[in-house]
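Let's take a walk through a protein together, starting with the whole chain and then zooming in on one strand. Keep the picture open while you read.

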Amino acid sequence: MQVHQILRSKDQTGIITVAPETSVADAARLLAERRIGAVVVSRDGKTPLGILSERDIVRDLGRRGSGCLTDKVEALMTRNLVSCAPTDAADSVLEKMTAGRFRHMPVMEGETMVGFVSIGDLVAARISELAMEKDALAGMIMGN
């Protein structure tokens, strides 16, 4: 399965982005309201500058306390992004995420972000793929 197939199957209401100057408190509120684990930091909604995750916020809360909530997201965001292409195999993206110990990845076509996948999206797709393979094998064994 390729990443573009996962993006097609997702409920894509657009990529959730915040501007770099957004407060951490506002970003945290957005994460809670949307029930998501990360937002892309972008000025134009197409070029990712970084990712701000729940982990980034919790890590800084633990280190500095609630004072970090007034900071701008650009102060906490992860800047060194690892991305994938729509044609990348989901298994290879899952391996990258596991090896890098991160859970969210922008999907890029050249310099433009066309989607965003989480490790949950990839695992769900893999489980679905395995279920289809199991059903196909069971059908072959049963002679269907």
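This is a predicted model: local features need pLDDT of at least 70, side-chain atom pairs count only at pLDDT 80 or more; totals for chains, interfaces and linings use all residues.

Now step back and look at the overall dimensions. The C-alpha trace spans about 65 × 30 × 25 Å along its principal axes. The chain has 144 residues, and 35% of them count as buried. If you take the contacts with a separation of 6 or more, 53% of them come from residues 24 or more positions apart. As for charge, there are 18 positive and 19 negative side chains, and the centres of the two sets lie 4 Å apart.

Time to zoom in on strand S2, residues 38-42. Why can we say that S2 is largely enclosed by the rest of the structure? Buried means under 20% relative accessible area, and five of the five residues in S2 are buried, so the strand is largely enclosed. In a regular strand, side chains alternate between the two faces of the sheet. In S2 you can check each face in turn: Ala38, Val40 and Ser42 are buried on one side, and Val39 and Val41 are buried on the other.

Who are the neighbours of S2? One is strand S1, residues 17-18, which runs parallel to S2 and is joined to it by two bridges. Look for Val18, whose bridge partner in S2 is Val41. To get from S1 to S2, the chain passes through helix H2, residues 24-34, making a right-handed β-α-β crossover.

Strand S3, residues 48-53, is another neighbour, but here the strands run antiparallel, with five bridges between S2 and S3. Ser42 pairs with Pro48 in S3. S2 and S3 form a hairpin with five residues between them, and in the turn Gly45 has a positive phi of about 80 degrees.

Last stop: helix H6, residues 119-142, where you'll find Leu137. Leu137 has 48% relative accessibility, so this residue counts as partly exposed. From Leu137 to Ser92 is 45 residues along the chain, and their C-alpha atoms are separated by 24 Å.

Definitions and conventions
Residues are numbered from 1 along each chain as its sequence is written. Side-chain values use heavy atoms; hydrogens and water are left out. Buried means under 20% relative accessible area, exposed over 50%, partly exposed in between (1.4 Å probe, protein chains only). Helices (H or I, at least four residues) and strands (E, at least two) are DSSP runs, numbered from the N terminus. Two strands pair if DSSP finds at least two bridges between them. A crossover is right-handed if, with the strands pointing away from the viewer, the path from the first strand over the helix to the second runs clockwise. Contact means heavy atoms within 4.5 Å. Lys and Arg count as positive and Asp and Glu as negative; His and the chain ends are not counted. The place of a charge is taken as NZ of Lys, CZ of Arg, CG of Asp or CD of Glu.
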